[in-house]
Amino acid sequence: MASPNKLLLLLATSLLGCGLLAAADYAPMTLTVVNNCPFPVWPGIQANSGHDVLEGGGFFLPALSHKSFPAPSHPWSGRIWARTGCAAGAGAQLRCATGDCGGRLQCGGLGGAAPATLAQVSLHHGGGGDQTSYGVSVVDGFNVGLSVTPHEGRGNCPVLGCRRNLTATCPGELQLRSPAGAVLACRSGCEAFRTDELCCRNMYNSPRTCRASKYSEFFKRECPQAFTYAHDSPSLTHQCAAPRELKVIFCH
(Lines give C-alpha, C1' and ligand atoms only; values in the text may rest on other atoms or scores of the structure.)
Protein backbone atom coordinates (compact mmCIF):
# COMPACT_ATOMS: atom_id res chain seq x y z
CA MET A 1 0.00 0.00 0.00
CA ALA A 2 1.26 3.47 -0.83
CA SER A 3 2.30 5.68 2.08
CA PRO A 4 0.01 8.58 3.14
CA ASN A 5 2.51 11.08 1.71
CA LYS A 6 2.53 9.30 -1.66
CA LEU A 7 -1.28 9.19 -1.70
CA LEU A 8 -1.43 12.94 -1.06
CA LEU A 9 1.07 13.54 -3.85
CA LEU A 10 -0.96 11.39 -6.26
CA LEU A 11 -4.17 13.18 -5.28
CA ALA A 12 -2.61 16.63 -5.76
CA THR A 13 -1.22 15.57 -9.16
CA SER A 14 -4.65 14.32 -10.20
CA LEU A 15 -6.39 17.51 -9.07
CA LEU A 16 -3.87 19.67 -10.89
CA GLY A 17 -4.51 17.66 -14.03
CA CYS A 18 -8.21 18.44 -13.64
CA GLY A 19 -7.53 22.13 -13.04
CA LEU A 20 -8.90 22.05 -9.49
CA LEU A 21 -5.68 23.28 -7.90
CA ALA A 22 -4.66 25.64 -10.66
CA ALA A 23 -4.96 28.58 -8.29
CA ALA A 24 -1.87 27.34 -6.48
CA ASP A 25 0.13 28.19 -9.61
CA TYR A 26 -0.95 31.83 -9.76
CA ALA A 27 1.78 34.34 -8.98
CA PRO A 28 1.12 36.67 -6.03
CA MET A 29 -0.70 39.85 -6.97
CA THR A 30 -1.35 43.05 -5.04
CA LEU A 31 -4.42 45.23 -5.35
CA THR A 32 -3.81 48.89 -4.55
CA VAL A 33 -6.50 51.55 -4.23
CA VAL A 34 -5.13 55.09 -4.50
CA ASN A 35 -6.96 58.27 -3.53
CA ASN A 36 -5.39 61.01 -5.62
CA CYS A 37 -8.31 63.35 -4.84
CA PRO A 38 -7.94 66.47 -2.71
CA PHE A 39 -10.70 65.10 -0.47
CA PRO A 40 -11.27 61.80 1.36
CA VAL A 41 -13.10 58.91 -0.29
CA TRP A 42 -14.49 55.67 1.05
CA PRO A 43 -13.75 52.96 -1.55
CA GLY A 44 -16.36 50.24 -1.96
CA ILE A 45 -15.64 46.75 -3.27
CA GLN A 46 -18.34 44.36 -4.45
CA ALA A 47 -17.45 40.84 -5.52
CA ASN A 48 -19.48 39.07 -8.18
CA SER A 49 -21.74 36.30 -6.93
CA GLY A 50 -19.84 33.44 -5.28
CA HIS A 51 -16.57 35.34 -4.92
CA ASP A 52 -14.80 36.54 -1.77
CA VAL A 53 -15.64 39.90 -0.18
CA LEU A 54 -12.33 41.78 -0.04
CA GLU A 55 -11.38 44.07 2.84
CA GLY A 56 -14.89 43.82 4.26
CA GLY A 57 -16.19 45.51 1.13
CA GLY A 58 -15.13 49.04 2.04
CA PHE A 59 -12.85 51.33 4.01
CA PHE A 60 -11.77 54.94 4.56
CA LEU A 61 -9.02 56.47 2.45
CA PRO A 62 -7.75 59.99 3.25
CA ALA A 63 -6.80 62.41 0.51
CA LEU A 64 -3.51 61.63 -1.25
CA SER A 65 -3.12 58.18 0.30
CA HIS A 66 -3.39 54.54 -0.71
CA LYS A 67 -4.18 51.09 0.63
CA SER A 68 -2.62 47.86 -0.68
CA PHE A 69 -3.77 44.31 0.06
CA PRO A 70 -3.17 40.84 -1.41
CA ALA A 71 -5.40 39.86 -4.30
CA PRO A 72 -7.10 36.45 -4.11
CA SER A 73 -4.88 33.65 -5.38
CA HIS A 74 -7.85 32.11 -7.23
CA PRO A 75 -10.18 33.49 -9.91
CA TRP A 76 -12.03 36.59 -8.69
CA SER A 77 -14.15 39.28 -10.27
CA GLY A 78 -15.93 42.35 -9.00
CA ARG A 79 -16.07 46.13 -9.00
CA ILE A 80 -14.43 48.96 -7.07
CA TRP A 81 -15.78 52.49 -6.74
CA ALA A 82 -15.41 55.64 -4.66
CA ARG A 83 -17.98 56.83 -2.15
CA THR A 84 -17.90 60.58 -1.58
CA GLY A 85 -19.40 63.08 0.83
CA CYS A 86 -19.72 60.52 3.59
CA ALA A 87 -20.71 61.15 7.21
CA ALA A 88 -20.40 58.61 10.00
CA GLY A 89 -23.42 57.59 12.06
CA ALA A 90 -23.80 55.34 15.06
CA GLY A 91 -21.69 52.19 15.12
CA ALA A 92 -20.56 51.16 11.63
CA GLN A 93 -23.09 53.36 9.81
CA LEU A 94 -21.88 55.61 7.02
CA ARG A 95 -24.09 57.73 4.81
CA CYS A 96 -22.57 58.93 1.54
CA ALA A 97 -23.69 61.50 -1.01
CA THR A 98 -22.56 59.24 -3.87
CA GLY A 99 -21.87 55.50 -4.10
CA ASP A 100 -23.58 54.68 -0.78
CA CYS A 101 -23.89 50.96 0.02
CA GLY A 102 -26.81 50.66 2.40
CA GLY A 103 -25.40 53.15 4.88
CA ARG A 104 -22.47 50.93 5.85
CA LEU A 105 -18.75 51.57 6.23
CA GLN A 106 -18.00 48.02 5.04
CA CYS A 107 -20.33 47.19 2.18
CA GLY A 108 -20.13 43.44 2.92
CA GLY A 109 -21.24 42.39 -0.56
CA LEU A 110 -23.61 45.28 -1.33
CA GLY A 111 -23.18 47.42 -4.44
CA GLY A 112 -23.00 51.19 -4.54
CA ALA A 113 -25.87 53.50 -5.34
CA ALA A 114 -25.76 55.18 -8.73
CA PRO A 115 -24.29 57.42 -9.95
CA ALA A 116 -20.77 56.08 -9.43
CA THR A 117 -17.79 55.46 -11.70
CA LEU A 118 -16.83 51.77 -11.59
CA ALA A 119 -13.57 49.90 -12.02
CA GLN A 120 -14.44 46.38 -13.17
CA VAL A 121 -11.83 43.69 -12.56
CA SER A 122 -11.50 39.99 -13.36
CA LEU A 123 -8.43 38.20 -12.00
CA HIS A 124 -6.85 34.82 -12.82
CA HIS A 125 -8.94 33.73 -15.76
CA GLY A 126 -8.27 32.37 -19.22
CA GLY A 127 -7.28 28.80 -18.37
CA GLY A 128 -3.55 28.36 -17.87
CA GLY A 129 -2.66 31.86 -19.02
CA ASP A 130 -3.48 33.64 -15.74
CA GLN A 131 -5.07 36.59 -17.49
CA THR A 132 -6.27 39.76 -15.78
CA SER A 133 -9.00 41.85 -17.38
CA TYR A 134 -10.14 45.28 -16.26
CA GLY A 135 -12.15 48.22 -17.46
CA VAL A 136 -13.93 51.40 -16.47
CA SER A 137 -17.69 51.81 -16.59
CA VAL A 138 -19.90 54.89 -16.49
CA VAL A 139 -23.00 52.84 -17.32
CA ASP A 140 -24.21 53.74 -13.81
CA GLY A 141 -23.07 57.37 -14.14
CA PHE A 142 -20.01 59.24 -12.88
CA ASN A 143 -18.92 60.59 -9.51
CA VAL A 144 -15.08 60.78 -9.67
CA GLY A 145 -12.52 60.18 -12.38
CA LEU A 146 -10.50 56.98 -12.12
CA SER A 147 -7.99 54.83 -13.92
CA VAL A 148 -6.90 51.20 -13.70
CA THR A 149 -3.16 50.64 -14.03
CA PRO A 150 -1.41 47.23 -14.17
CA HIS A 151 2.26 46.86 -13.27
CA GLU A 152 4.77 44.27 -14.51
CA GLY A 153 2.26 42.25 -16.53
CA ARG A 154 3.02 40.44 -19.78
CA GLY A 155 1.33 41.13 -23.09
CA ASN A 156 -1.03 44.01 -23.78
CA CYS A 157 -1.52 45.88 -20.48
CA PRO A 158 -2.79 49.42 -21.17
CA VAL A 159 -3.83 51.98 -18.59
CA LEU A 160 -7.60 52.43 -18.89
CA GLY A 161 -9.54 55.31 -17.42
CA CYS A 162 -12.21 57.97 -17.35
CA ARG A 163 -10.12 60.81 -16.00
CA ARG A 164 -12.06 63.95 -16.86
CA ASN A 165 -14.16 65.64 -14.22
CA LEU A 166 -17.56 65.10 -15.80
CA THR A 167 -19.36 66.95 -13.02
CA ALA A 168 -18.06 70.14 -14.66
CA THR A 169 -19.58 69.34 -18.08
CA CYS A 170 -22.57 67.16 -17.14
CA PRO A 171 -25.82 68.08 -18.95
CA GLY A 172 -28.26 69.79 -16.64
CA GLU A 173 -30.87 67.02 -16.81
CA LEU A 174 -28.29 64.47 -15.62
CA GLN A 175 -26.83 66.47 -12.74
CA LEU A 176 -27.11 65.17 -9.18
CA ARG A 177 -26.99 68.21 -6.91
CA SER A 178 -26.50 68.73 -3.19
CA PRO A 179 -29.11 70.63 -1.17
CA ALA A 180 -26.83 73.66 -1.54
CA GLY A 181 -26.85 73.31 -5.33
CA ALA A 182 -23.36 71.93 -5.97
CA VAL A 183 -23.08 69.27 -8.69
CA LEU A 184 -22.09 66.05 -6.90
CA ALA A 185 -22.22 63.59 -9.77
CA CYS A 186 -23.51 62.95 -13.28
CA ARG A 187 -26.35 60.46 -13.65
CA SER A 188 -26.78 58.11 -16.60
CA GLY A 189 -29.76 58.54 -18.88
CA CYS A 190 -31.20 55.37 -17.35
CA GLU A 191 -30.88 56.69 -13.81
CA ALA A 192 -32.34 60.07 -14.75
CA PHE A 193 -35.34 58.94 -16.82
CA ARG A 194 -35.90 55.22 -15.97
CA THR A 195 -37.13 54.23 -19.43
CA ASP A 196 -36.72 50.71 -20.79
CA GLU A 197 -34.93 52.07 -23.87
CA LEU A 198 -32.31 54.03 -21.92
CA CYS A 199 -31.92 51.23 -19.36
CA CYS A 200 -31.75 48.47 -22.03
CA ARG A 201 -34.53 46.53 -20.32
CA ASN A 202 -37.24 44.19 -21.61
CA MET A 203 -37.49 44.45 -25.41
CA TYR A 204 -34.31 46.60 -25.45
CA ASN A 205 -32.18 44.03 -23.59
CA SER A 206 -30.07 42.72 -26.48
CA PRO A 207 -27.11 43.95 -28.53
CA ARG A 208 -29.50 44.50 -31.44
CA THR A 209 -32.02 46.69 -29.60
CA CYS A 210 -29.84 48.29 -26.89
CA ARG A 211 -28.31 51.31 -28.59
CA ALA A 212 -26.27 54.37 -27.68
CA SER A 213 -28.31 57.43 -26.72
CA LYS A 214 -27.46 61.12 -26.70
CA TYR A 215 -26.71 60.68 -23.00
CA SER A 216 -24.34 57.73 -23.41
CA GLU A 217 -22.71 59.59 -26.31
CA PHE A 218 -21.90 62.46 -23.94
CA PHE A 219 -20.02 60.00 -21.72
CA LYS A 220 -18.34 58.39 -24.74
CA ARG A 221 -17.04 61.73 -26.02
CA GLU A 222 -15.53 62.51 -22.63
CA CYS A 223 -14.33 58.97 -21.82
CA PRO A 224 -13.90 56.94 -25.03
CA GLN A 225 -12.22 54.03 -23.19
CA ALA A 226 -15.17 53.47 -20.83
CA PHE A 227 -18.30 51.36 -21.08
CA THR A 228 -21.12 53.88 -21.46
CA TYR A 229 -24.27 51.74 -21.85
CA ALA A 230 -25.19 48.12 -21.22
CA HIS A 231 -24.09 46.65 -24.56
CA ASP A 232 -21.28 49.08 -25.30
CA SER A 233 -18.06 47.57 -26.67
CA PRO A 234 -15.03 49.84 -26.21
CA SER A 235 -12.54 49.37 -29.03
CA LEU A 236 -9.45 49.14 -26.82
CA THR A 237 -8.85 45.50 -25.90
CA HIS A 238 -6.18 43.93 -23.74
CA GLN A 239 -4.83 40.62 -22.52
CA CYS A 240 -2.63 41.28 -19.51
CA ALA A 241 -0.97 38.18 -18.08
CA ALA A 242 0.06 37.91 -14.44
CA PRO A 243 0.60 41.55 -13.41
CA ARG A 244 2.34 41.91 -10.07
CA GLU A 245 0.06 44.78 -9.05
CA LEU A 246 -3.21 46.31 -10.20
CA LYS A 247 -3.91 49.89 -9.15
CA VAL A 248 -7.29 51.61 -9.08
CA ILE A 249 -6.59 55.34 -8.85
CA PHE A 250 -9.30 57.89 -8.08
CA CYS A 251 -8.99 61.45 -9.45
CA HIS A 252 -6.37 60.33 -11.97
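Guide: We will go through the sheet by asking what each term rests on.

Guide: This is a predicted model, where local features need pLDDT of at least 70, side-chain atom pairs count only at pLDDT 80 or more, and totals for chains, interfaces and linings use all residues. Residues are numbered from 1 along each chain as its sequence is written, and side-chain values use heavy atoms, with hydrogens and water left out.

Visitor: Why are β2 and β4 said to pair?

Guide: Two strands pair if DSSP finds at least two bridges between them. A strand is a DSSP run of E with at least two residues, numbered from the N terminus. β2 and β4 (residues 76–83) have six bridges in the antiparallel sense, so they pair. Among the partners, I45 is bridged to I80 of β4, and G44 to W81 of β4.

Visitor: What makes β2 an edge strand?

Guide: The open sheet has six strands in the order β2-β4-β7-β8-β14-β10, with antiparallel pairing. β2 (42–47) and β10 (154–156) each pair on one side only.

Visitor: What joins β4 to β7?

Guide: Six bridges join β4 to β7 (residues 118–125), and the two run antiparallel.

Definitions and conventions. Helices (H or I, at least four residues) and strands (E, at least two) are DSSP runs, numbered from the N terminus.
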